[in-house]
There are 2 protein chains.
Amino acid sequence: MRALVIGAAGFVGNYLVKHLLEQGDEVYAGTLSESVELLPDTTFKVDITDALSTGELIQRSKPQVIYHLAGISFVPEAESDFERTLRVNVAGTANVLRQAHLLSKEISVLFISSAEVYGQIKPAELPIKEDTPLRPANNYSLSKRMAELVVERYARQGALRCTIARPFNHIGPGQDSRFVASNFAYQLARIAHGRAPAVLQVGNLEARRDFSDVRDIVRAYRLLAHSQGGVFNLGAGVPRSIQALLDGLIAVSELKVEVQQDPARMRGPEVPELYTSYERAKSVVGWQPLIPFEQSLADIYQYWYERVGLELAA
Amino acid sequence: MRALVIGAAGFVGNYLVKHLLEQGDEVYAGTLSESVELLPDTTFKVDITDALSTGELIQRSKPQVIYHLAGISFVPEAESDFERTLRVNVAGTANVLRQAHLLSKEISVLFISSAEVYGQIKPAELPIKEDTPLRPANNYSLSKRMAELVVERYARQGALRCTIARPFNHIGPGQDSRFVASNFAYQLARIAHGRAPAVLQVGNLEARRDFSDVRDIVRAYRLLAHSQGGVFNLGAGVPRSIQALLDGLIAVSELKVEVQQDPARMRGPEVPELYTSYERAKSVVGWQPLIPFEQSLADIYQYWYERVGLELAA
């Protein structure tokens, strides 16, 4: 299967490329700036806000399946510039779909949306299913819902085979340290290497979220891209507090640390608990998460422990 | 009541300003370029894609009610540049809401959306109500639905009092001649003045739409802006074919003309019939359309007849 991964240089993109290669796909990658180590010969630069550049990538790679992961994915970054977020996440997605459609209506496009589109969930609505009401409440989630509207338009008109994935929080080795699990693990690794005092800075610890492993998530992506289309929630199906994530990482690190709440890290009012049902993905494509939470945390800590070690050696 | 009309120089904006003044409101206007004749002292330039400019307008006029009409409203114009449409219709609306919210949470904002957000309606779904599924199918309707998402976010958070109007096709003297009723009337007026052969160029005549008079619509806007919020469809509640509109205008003109279908005017596949129920607006704010269809057509023809006459005299 000829697959094109747009946004391949990111955290998830890298795992997806690796998984597709393992499954025997012929993989092409589009990235804005960085290169993809695993694809030295089939990585091309692309700026999805530019229709011409997007068209060239798609014409060149002639994919049967497109995985569209490109976009602004960090909530505060989206919050600070809505116009740019619209340009990248919404107009960019429209460019991808239009250029794919111009090549062939037979292309299957998997659009990576986000569980954030559900927004302000009420406790009675848990677990979140695909038909739970959508109440996007920040610029990032608005932009993702808006991009979904564009995808739905193409899907309805039969202009492409489209699938929408709504992943909940996913974690794993290599994730940017702006995200909570990586951030805690990075701080712990620095403490372990004696590069920081044994004090961990944290924000809110009460929020309960649905954490799954990125390696489970990319496996779902390939299954969904070969499905007949639709919308699919992806997650572990279990709520875990940030406190539990913190405790798990501290346990893995075997360190004794003091935990300090940093006002700068406290987010505004948040939904206290979010978790999904992955029943639809299970029944339609047979997917379920396989990697235990503790395994994810151990791998994340290990990643940062090695990386901080390398930095010190350099 | 201190009212601010953003996008006041347009077809609907002019009628709205006139109506608000008649009702005794203190009216301020924001316009991108043109001035508003009726408000020589309280018209300010504004570019809603610029947060600073939008903020200045709102701080200066300190409105209790904002009527947000500004945006790209011609479907083909939106189709040709999605990125610009997002910038104006979506990011622009976000700027208006944010700047209003910064001034006061007590401001009532009426966002003028469009019946186009319903998109691909099935015959069994007629008449269209406010909870009819939304299937926006072009860049214009997508942008309007996206802007609604932004408005809904502010409304849910109690950050402003927000109302959304979804007007169906509205017509009246002064509408741009790119729109069908004005276009036919303009052609007829030229024929009547002997400036064109007695041949009328038309596109599809079969589509049935819900045509109401702009003067009824702006009356609804004021009523809705003083309501408790929500989404409201506005229309005549009756489907009329483009053919009926054409026949009505020809009758008013008392001309004998040949009707020619122009391939360049034929739109792609369209929904054959669209009309609304205005029950909600009637029951919540007591609104109903009052101006008969024939009156609208007579006034439109009269407008173009005089205007073509003036152009010839000039």
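**Close-up views of a predicted model**

**View 1. The two domains of chain A.** In this predicted model, the centres of domain 1 and domain 2 of chain A, taken over C-alpha atoms, are separated by 28 Å. The domain assignment of chain A places residues 2–171 + 212–234 in domain 1, and residues 180–209 + 239–273 + 292–313 in domain 2. Where the two domains touch, 7 residues of domain 1 of chain A are in contact with 6 residues of domain 2 of chain A, and the side contributed by domain 1 has 4 nonpolar, 2 polar and 1 charged residues.

**View 2. The open sheet of chain A.** Seen across chain A, 7 strands form an open sheet with parallel pairing, in the order S3-S2-S1-S4-S5-S6-S11. Strand S3 (43–45) and strand S11 (230–234) of chain A stand at the edges with a single partner strand each, so one side of each has no neighbour in the sheet. From one strand to the next, the twist averages 20°.

**View 3. Strands S5 and S6 of chain A with helix H5.** Strand S5 (residues 108–112) and strand S6 (residues 161–167) of chain A run parallel and are joined by 5 bridges, and Ser108(A) stands opposite Arg161(A) in S6(A). Helix H5 (residues 139–156) of chain A lies across both S5 and S6 of chain A, running at about 150° to S6(A).

**View 4. The contact between chain A and chain B.** This contact takes 18 residues from chain B and 18 residues from chain A. On the side of chain B that touches chain A, helix H4 (82–103) and helix H5 (139–156) of chain B each supply at least two residues, and by class this side of chain B has 11 nonpolar, 1 polar and 6 charged residues.

Notes. Residues are numbered from 1 along each chain as its sequence is written. Chains are lettered from A and ligands numbered from 1 in the order in which they are written. This is a predicted model: local features need pLDDT of at least 70, side-chain atom pairs count only at pLDDT 80 or more; totals for chains, interfaces and linings use all residues. Two strands pair if DSSP finds at least two bridges between them. Helices (H or I, at least four residues) and strands (E, at least two) are DSSP runs, numbered from the N terminus. Axes are lines fitted to C-alpha atoms, for helices over the stretch in contact, and angles run from 0 to 180 degrees between N-to-C directions. Ala, Val, Leu, Ile, Met, Phe, Trp, Tyr, Cys and Pro count as nonpolar, Asp, Glu, Lys and Arg as charged, and the others, Gly among them, as polar. Domain bounds come from an automatic or database domain assignment.
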